[in-house]
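Please brief me on this structure. Cover the charged pairs, the metal site and the strands, in short points.

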Amino acid sequence: MEIIDKFVLAVEKASNIIISTHSFPDADGIGSQISLCLALRKLGKNSFCSNDEDLLERYKYLDPMNTVFSVDTLHTEFSGKPDLVIVVDTNTIERTGKKFKAYYEQFNCDILFIDHHPCAQETQDDHCIDTKASATGQLVGELITGIGLEFDEYMALPLYTAILIDTSSFRYPTVTAATHEMIARLMATGIQPPRAYNGIYGTKKIEHMHLLGKVLSSADSNSNEEVAWMVLSQAELKHFDIDIEDTHGFINHLLILDNVKVACMFRDDGNQVKISFRSSGEYDVGTIAISLGGGGHSHSAATLINKTENYSREDIITDVVQKIEELLA
Ligand SMILES: [Mn+2]
């Protein structure tokens, strides 16, 4: 069945629809859920968004109609039983977080995932999954226009932001003509790129620059500079009082290196090292992440490796870089 047909089938028979996304949501998850919620309201649905936590202050400009509530405060606006739960930008109920999972399990109503991350064939068959979509926001935009709705600026700004963020400003190979066609439709509502860009990226304080300087000066590479990496520690985050969310873009600085094929960020959380991977375009970093126990897209992926007394951050860096060199060779 076509993705749009699965969407229509699920939505048609539902009156009360709650939309969630993954815990610690990014702008793709948040933007997609807000826009979808407003679209469903235009169809006459009683629709709200609910996540484990309240929206972070910095995302509130995306939600002037106040569609998003934490699981704890949802009852102030919606106390009934949902007929349908839609989860965007992930494809398991576990990833919505403990509170939303418990909320969903009270009702065990229909559930529909709308996502672009790789997942089991069975999930792809039953849900609205397009692993080629540059962002869940693009997929949601296609579903909204697919059911015959027009965008307004309240729907367009969150979706534009979702696509902007998830493509790191349109730099990944997942960006296609269809992505830019969607962007054109969103811009036709009158939204301005600087509003979206500055709302997300232009919100930092000077400490952010100092931490970025520190992380940039940790940049290192193998001898042919095809693999480059940077290191960030929990202690530095604490010292500069920076939210982890604000460091996701750091790794992209490595992609300006001439020869780089794979960029890595090693984030030392004390007991674990989180390793993010970015591809400069030709190499599939999803494969690297999977071979190290993680997962993700071909251009952006991640994994976690445990640190022990006998296995330090430096050991992890050495082993991971060696593994990547083997895979590249
Ligand atoms: Mn996404």
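D152 forms a salt bridge with K42, with the closest N and O atoms 3.2 Å apart. A salt bridge here is a side-chain nitrogen of Lys or Arg within 4 Å of a carboxyl oxygen of Asp or Glu. D152 lies in the loop between α5 (136-146) and α6 (153-166) and K42 in helix α2, so the pair ties together parts that are 110 residues apart in sequence. The model is predicted: local features need pLDDT of at least 70, side-chain atom pairs count only at pLDDT 80 or more, and totals for chains, interfaces and linings use all residues. Residues are numbered from 1 along each chain as its sequence is written, and side-chain values use heavy atoms, with hydrogens and water left out.

**Salt bridges**

- The count comes to 13 salt bridges.
- D152 is partly exposed at 24% relative accessible area, and K42 is partly exposed at 44%. Buried means under 20% relative accessible area, exposed over 50%, and partly exposed in between (1.4 Å probe, protein chains only).
- K261 forms a salt bridge with E226; their closest N and O atoms are 3.5 Å apart. K261 sits in the loop between α10 and β9 and E226 in the loop between β7 and β8, so this pair ties together parts 35 residues apart in sequence.
- K13 forms a salt bridge with D110, the closest N and O atoms being 3.8 Å apart. This pair links distant parts of the chain: K13 is in the loop between α1 (3-12) and β1, D110 is in strand β5, and 97 residues separate them.
- K13 is exposed at 60% relative accessible area, while D110 is partly exposed at 40%.

**A buried charge without a partner**

- E245 is found in the loop between α10 (234-240) and β9 (262-268). Helices (H or I, at least four residues) and strands (E, at least two) are DSSP runs, numbered from the N terminus.
- E245 is buried yet has no salt bridge; the nearest side chain of opposite charge, R58, is 5.2 Å away. Lys and Arg count as positive and Asp and Glu as negative, with His and the chain ends not counted.
- Leaving aside neighbours within four places in sequence, E245 is in contact (heavy atoms within 4.5 Å) with F24, P25, R58 and Y59.

**Manganese site**

- The protein donors of the manganese ion are D28 (OD), D89 (OD), H116 (NE2) and D166 (OD), at 2.1 to 2.4 Å from it. Donors are N, O and S atoms within 2.8 Å of the metal (3.2 Å for Na, K and Ca); water is not among the atoms, so sites may look incomplete.
- D89 lies in the loop between β4 and α3 (98-107) and H116 in the loop between β5 and α4 (121-126), so the pair ties together parts that are 27 residues apart in sequence.
- D89 is buried at 3% relative accessibility, and H116 is buried at 1%.

**Strands**

- An open sheet holds 6 strands in the order β3-β2-β1-β4-β5-β6, with parallel pairing. Two strands pair if DSSP finds at least two bridges between them.
- The edge strands β3 (68-70) and β6 (128-129) each pair on one side only.
- 7 of the 7 residues of strand β8 (residues 227-233) are buried, so β8 is largely enclosed by the rest of the structure.
- β7 and β8 form a hairpin with 5 residues between them. β8 also pairs with β9 in the parallel sense, over 7 bridges.
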